[in-house]
Amino acid sequence: MSVAETTIVRPAGAAAIEEAAKLLRRGELVAFPTETVYGLGANALDDRAVAAIYVAKGRPRFNPLIVHIPSVADAERYVEMSNAARILAAAFWPGALTLVLPRRTGCPLSALVSAGLNTVAIRVPSHPVAMALLKAARLPLAAPSANPSGCVSATTAAHVAEGFGEKIAMVLDGGATPLGIESTVIGFDGDKPILLRPGAILRQDIKQFVGPLAAPDISKVQSPGQFESHYAPHASVRLNATTAVPDEALLAFGPDVPPGAKLALNLSPSGNLQDAAANLFAMLRALDKTGTKKIAVMPIPPHGLGEAINDRLQRAAAPRDNGT
Ligand code: TXA
Ligand code: MG
């Protein structure tokens with residue numbers, strides 16, 4: 001039996017969502033689709049359940065988790081919403097934007113979601129299955145991307161099952177996630193917004209509401225998840241490839257693919273960045289599965305969604321021996 005067959009993957013119908021909500025209320029782990037990537041969810045009020053996420057993922061304990069909630073109003077129960085945060089929440093929630101905000105005094109969320117920081121990362125997802133699950137469970141859900149720590153994120157239920165086998169109680173299968181790349185993570189220095197992780201919501205769209213986004217201060221660890229090596233396939237990754245080498249698999253982009261690759265997948269033959277984001281993790285996984293030792297990736301333009309795609313690719317290509 002394959003690993004995938006031993007995990008309980010259930011199509012995300014009403015009965016399965018109810019069952020998943022019960023499992024979450026009992027402190028179990030349930031993976032579910034969001035509009036970005038699959039999340040590995042646990043009751044964010046329950047220390048034991050949140051601790052189980054760190055164990056299942058092999059995630060360093062200093063890397064905090066995103067808490068998913070069903071409504072903007074709920075955020076006020078857990079975090080101090082600044083003016084800028086309220087403006088961004090009104091503009092982008094439900095959606096692929098995560099806000100890192102100070103914990104409220106008496107915040108009932110498990111301290112483990114903050115991993116020792118005095119902040120919580122929070123978002124209202126827009127995927128109907130995520131929303132239905134949050135409402136059925138009547139709980140805030142801590143949910144990192146549903147991949148073993150450091151590995152390529154999961155955009156299908158099968159990816160989740162491959163990564164976790166029997167370690168989790170259920171995977172709700174809602175099909176491939178539409179955006180395919182994680183949420184944009186914004187922190188604040190006072191009211192000044194800081195881009196902690198580029199993602200599915202574009203820098204230029206956020207700027208319209210709160211002005212330019214500052215870069216994180218690298219002398220302080222502001223988002224511990226932004227390690228160099230991350231999103232890593234087993235194969236090594238070569239970036240900005242303009243030629244194909246026979247012993248490398250090629251991850252192409254756009255219509256002008258160099259000849260000579262034995263194996264190639266194209267993120268978007270028409271050069272569309274949305275399609276490329278949606279295909280990125282699934283294609284990295286597919287090339288990796290062929291057993292190739294090297295994956296060469298063609299240049300991706302840096303604008304729009306290209307910022308987040310290049311961020312993920314740079315981490316996928318980073319040296320792996322840095323202990324993360
Ligand atoms: O799209 C997404 O954001 C997905 C879906 C499932 O919601 N989740 C996701 O979670 O990507 P994860 O754990 O893979 O990435 C969360 C990122 C990490 O880089 C983490 O360090 C950062 O958010 N983060 C979480 N809490 C934080 C906090 N309190 N302060 C700073 N960064 C935080
Ligand atoms: Mg992740």
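Biologist: Is L287 buried or exposed?

Modeller: L287 counts as buried, because its relative accessibility is 1% (buried is under 20% relative accessible area, exposed over 50% and partly exposed in between, with a 1.4 Å probe and protein chains only). Please keep in mind that this is a predicted model, where local features need pLDDT of at least 70, side-chain atom pairs count only at 80 or more, and totals for chains, interfaces and linings use all residues. Residues are numbered from 1 along each chain as written, chains are lettered from A and ligands numbered from 1 in the order written, and side-chain values use heavy atoms, without hydrogens or water.

L287 sits in helix α9, residues 273–289 (helices are DSSP runs of H or I, at least four residues, and strands runs of E, at least two, numbered from the N terminus). Leaving out neighbours within four places in sequence, L287 is in contact (heavy atoms within 4.5 Å) with A249, L250, L251, L263, L265, T292 and I295. R123 lies 164 residues from L287 along the chain, and their C-alpha atoms are 32 Å apart.

Beyond four places in sequence, E182 touches T36, V37, S145, S153, R197, G199, A200, Y231, F281 and R312.
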